[in-house]
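Please keep the sequence and the structure in view while reading.

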Amino acid sequence: MAMAFKMATTGMWVADECKNSFMEMKWKKVHRYIVFKIDEKSRLVTVDKVGSPGESYDDFAASLPTDDCRYAVFDFDFVTVDNCRKSKIFFIAWSPTASRIRAKMLYATSKAGLRRVLDGIHYEVQATDPTEMGMDVIKHKAY
């Protein structure tokens, strides 16, 4: 395995693929979103899913499990009232109500370490159900 990034507070490691996929999304626009998960046995944050550039926000929201936590980044493209094309990257900490308490605690304490590795995030959203990360929330923060 290549170099991984250590998260000091929880002893978790962030796999190289996480940063590499994020940089591809940020600079090359080859992904619309990336979903990350923690493998508790290996103590490693890895890429769970990636969305192609043509996928929508609804596709992204549907890719999150209803009973387990995840981290995700979403590249939101929009046009301002001045007719300027913009792109903002959102970090979403997904912790649904139906997930295990242990998973919620692990994801909450490991979030800062992953955020440090993913340089260039504009906004963060904490969500426990789909309404807390709906498109209206995303648009409100981006505009």
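The notes below go from the whole chain to two of its residues.

The model is predicted, so local features need pLDDT of at least 70 and side-chain atom pairs count only at pLDDT 80 or more, whereas totals for chains, interfaces and linings use all residues. Residues are numbered from 1 along each chain as its sequence is written, and side-chain values use heavy atoms, with hydrogens and water left out.

**Overall fold**

- The protein has 4 helices and 7 strands; helices (H or I, at least four residues) and strands (E, at least two) are DSSP runs, numbered from the N terminus.
- Read from the N terminus, the order of the elements is β-β-α-β-β-α-β-β-α-β-α.
- The protein is as compact as a globular protein of its length, because its radius of gyration of 15 Å is close to the 15 Å that the globule rule gives for 143 residues. This radius is taken over C-alpha atoms, and the rule is 2.2 Å times the number of residues to the power 0.38.
- The C-alpha trace spans about 50 × 35 × 25 Å along its principal axes.

**Packing and surface**

- Of the 143 residues, 45% count as buried; buried means under 20% relative accessible area, exposed over 50%, and partly exposed in between (1.4 Å probe, protein chains only).
- Among contacts (heavy atoms within 4.5 Å) between residues at least 6 apart in sequence, 60% join residues at least 24 apart.
- The accessible surface is about 7,700 Å², and 54% of this surface belongs to carbon and sulfur atoms. Accessible areas come from the Shrake-Rupley method with a 1.4 Å probe; for residues, only the protein chains shown count as cover.

**Lys49**

- Lys49 lies in strand E4 (residues 44-51) and is partly exposed, with a relative accessible area of 35%.
- Leaving aside neighbours within four places in sequence, Lys49 is in contact with Tyr33, Ile34, Val35 and Ser63.
- Lys49 and Ser63 are 14 residues apart in sequence, and their C-alpha atoms are 7.9 Å apart in space.
- The side chain of Lys49 reaches the backbone oxygen of Ser63 at 2.7 Å.

**Ser21**

- Ser21 is located in helix H1 (residues 16-28) and is buried, with a relative accessible area of 11%.
- Not counting residues up to four places away in sequence, Ser21 touches His31, Ile34 and Val47.

Definitions and conventions. A polar contact is a pair of N or O atoms within 3.5 Å; within protein, one must be able to donate a hydrogen and the other to accept it, and residues adjacent in sequence count only if both atoms are side-chain atoms.
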